[in-house]
Structures are given as C-alpha cells and as structure tokens.
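Student: I'd like to learn how to read helix packing and pockets in a model. Could we go through it together?

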Amino acid sequence: MVDLRQLEKEFDTVATSLKRRGIDEKLLEKLKIVFEEKKGVQKRLEAAQAEQNQKSKLFGQYKREGKDITELQKEVAENKIRISALNDELRTLDEKLLELAATIPNIPDNDVPDGVDESDNVEIKRVLEPTTFDFKPKEHWELAEANGWIDFERGVKIAKSRFSALRFMGARLERALINYMLDFNRERGFEEVYVPFMTNADSLFGTGQLPKFADDLFKIEGESLYMIPTAEVPLTNLFRDEIIKKEDLPLKLTAYTPCFRKEAGSAGRDTRGIIRQHQFDKVELVSITTPDQSEKVFNEMVNCASDLLTSLGLPHRHVLLCAGDMGFSAAKTVDLEVWLPGQGKYREISSISNTKDFQARRAKIRYKDEKKNRLVHTLNGSSLAVGRTLIAIMENYQQADGSIAIPEVLKKYL
C-alpha cells in the first residue's frame, strides 16, 4: 500500500500524483480528515503525557515538604484514564487509515504518461513486421473450429460461458508452449517454481487483489481460500512476513499456473473465442529486488517476454501504460501487444509491472542491509498468457488452405 507516513507529510504532492490514477477525490478528502483528527488526538495525548510526567515528579516534592497528596493522586489517576482513552482513539484512527489506504492504488512513476484509458497509452517500439497474407486472414475461432483445436460448445456445457476445451493439436500445442516458455525463462536466469493454485486472503491482500477486487475472484465455499487469479499471488507471497538476506537478491522466479477470474467488469467484451476466459493458462515472471536493482530487473523482464515472442516469430509492440490504465499495484507498466492479423490489430499478451515497495509494505517482505530492515521491491509480468499465444500462432501461422503451421522452436516439444 502507499506509505502513510509519506502521505501524511507530503499530502498535497502525493494526492496530486494519485489523482493521475483517477482516484476518487472523496477518498482523499476522507484521508485528509482522518490525518487531521489523528494530529489533534496526538497533540492532546502528548499534552496529557507531559502533564502526567510533571505531576508524577511532584509526589517526591510533596512528601519532602509534608504536603497532602490525596488531590494529586486523584488528578494523576484521572489523567491516566484520559491517556488510555486517547491511546484507544489513536489506535482506532490508525486502523481507519490502514483500511482507507488498502483501497488506494500505487503512486505512478514520474515517467508514466497522463491519461485515463488504453487510448492514452504510448507506443515505445515495434518488434517484427506485422504478418501479411495474399488471402483474407481468418480469426482464431474460425481456424479453431475448422481444425478441431478448440471445442467451444462442450466447454460451455461442462462449465458455463467463457470456458472452452482444447482438443487434438490445440491441447498439444498449449502444453508445448508451457514447456517452451518455462525452459526459455529458466535459461534467462529465472528459477522454476510450482505453486498452489489456491491461495488465502492474506496472500491476496499482500499483492493487492483484496479487498478492492473481491468481485473478480472465485472463492472456495466454506474455506478461506480463493482460486488464484495469477501466479503473481503465490510467487510473491512465498516470502510474505520474511526478511531476506541482501546477498540473496534479486530473486527471479517463473511458474506455470492456470488462472481463474470472474471477469466481472468485462460483460460484452471478447465474447467470441478465447481472448477473455474464466480459466486460462499463464507462465508468470516475478522478481524480488532491492530498490536499486528494480529498474534493471524490470527491463530484463520486459526483454525476456519480448524475446520469447520474437523467438516464436510473433510480431508485437511495447506500450507504456498511462496512469489511468495501470493495474492497482503498479507504479509503472509496459504491455506487450501481439499482432493478430485476423483482427487486424495488436492485442495485449503480456503486462510487466514494477510495484516498487507497494506490495512489500502490504505483505511485509523485507531485506536486511548494513543498517536495518528495509522493504524490497516486487515486480511481476506475464511470460506469456498461453491461450493468447496460441491465438497469435493460429492467426499468424495460418495457411491459405486453413491449416496452421507450427513455429520452428516448438517442433521438438511436439
């Protein structure tokens, strides 16, 4: 979460940055009011404590002078009750501040462009030329049905809408892509990890999905467990409530998991095909670093995902997200968008974010340097969304007769 001490000391500056995220100004007003209330309580508490110290010192003086201490004892006792009440009030205000802070997004980096949605994102560069054909390219759902790779109707039958079943070469290619991505990332220095596909509420709070995005999660009935929305959650929370040795950083991890999302805010979007599903496969990158390492590692993660796409022969572009389009926990995000000739446009296939110390503060992940314990920086990114990679291969490698060629690097996996 945001640093409450920084917010209190530099409220106007931080509030201006948060407004770039489209934050509700009423929430900032609430915070400001609570900060003012807290300041008033602290002032009264300090005065009461000073009075207590002063009167406590009088006991010895009164005894030496033979004075009656009955009234003094009464005043000290009453002031002690007042101090206790003020401490309770202060704790309540601190809890209220934490509750409000849990719903506030990360502060955007200075180089993040202003904007409200994807139309304000900034293209950084393009990699490989968009695929061209001497025939009208089909969209992935047409190719899937023609080749028997994806069974849309039976997926819905066994679950509900936005579920599908991969079959024949579609299923084999999905598995091949997962293995290839993990091997590629491992060769780039990322440790392969296998994690649970369910997670608890503390972990989801740590990475920022709870409490704000509870409606997008699948909760297990009768359990304090949720199906994971991304491997970012278990990978990052491996180190929740831990102090990591500085010499062990950076930690660079990769994992395959299925991901489960209700897609609560996507009604009517991408209803055809498998662009937006309730269950999808993803290979994730997560890094845990010191603050001075995070920008370098961020660039390494972007390049890793981009080079993976290039190795598959898939044209794509790098896009710097504007402040209003970034995820809740991100301070800076670069999306990779792959070219889909059937749709005739670029679509997101990877999103790499540096959350700085935002998640570390929530999850209490620290490292020990020469002086004291400090918060780490956490980074995460898709490398890649497997289903969308399958779509990109289908559309970019389609042939005039409707068949689909296989990228050279995947052949040994098949």
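Tutor: Here is a short walk through some helix contacts and a pocket.

Tutor: This is a predicted model, where local features need pLDDT of at least 70, side-chain atom pairs count only at pLDDT 80 or more, and totals for chains, interfaces and linings use all residues. Residues are numbered from 1 along each chain as its sequence is written, and side-chain values use heavy atoms, with hydrogens and water left out.

Student: How are two packed helices described?

Tutor: By the angle between their axes and the distance between the axes. Axes are lines fitted to C-alpha atoms, for helices over the stretch in contact, and angles run from 0 to 180 degrees between N-to-C directions. Helices (H or I, at least four residues) are DSSP runs, numbered from the N terminus.

Student: At what angle do α5 and α12 pack?

Tutor: Helix α5 (residues 140-147) and helix α12 (residues 386-396) sit at about 80 degrees, axes 9 Å apart. That makes α5 roughly perpendicular to α12; angles under 35 degrees count as roughly parallel, over 145 as roughly antiparallel, 65 to 115 as roughly perpendicular and the rest as oblique.

Student: Which residues make the contact?

Tutor: H140, L143 and A144 of α5, with I391, M394 and E395 of α12. Contact here means heavy atoms within 4.5 Å. By class, the α5 contact with α12 has 4 nonpolar, 1 polar and 1 charged residues (Ala, Val, Leu, Ile, Met, Phe, Trp, Tyr, Cys and Pro count as nonpolar, Asp, Glu, Lys and Arg as charged, and the others, Gly among them, as polar).

Student: What about α7 and α10: at what angle do they cross?

Tutor: The axes of α7 (residues 169-187) and α10 (residues 294-311) cross at roughly 130 degrees and come within 11 Å, so α7 and α10 are oblique to each other. Y180, M181, F184 and N185 of α7 make the contact with C304, D307, L308 and S311 of α10.

Student: And which residues of α7 meet α12?

Tutor: G170, L173, E174, L177, I178 and M181 of α7 meet V386, G387, T389, L390 and I393 of α12. This contact divides into 7 nonpolar, 3 polar and 1 charged, and the α7 and α12 axes lie 10 Å apart at about 115 degrees.

Student: How many residues line the second largest pocket?

Tutor: A pocket, on a 1 Å grid over the protein atoms alone, is an open set of points where a 1.4 Å probe fits, with protein on both sides within 12 Å along at least five of seven lines; lining residues have an atom within 4 Å of a point. Here 16 residues line the second largest pocket, with Q6, N106, I107, P108 and D109 nearest its centre. Helix α2 (residues 11-19) gives the largest share of that lining, 3 residues.

How values were computed. Helix = DSSP H or I, 4+ residues; strand = E, 2+ residues; numbered from the N terminus.
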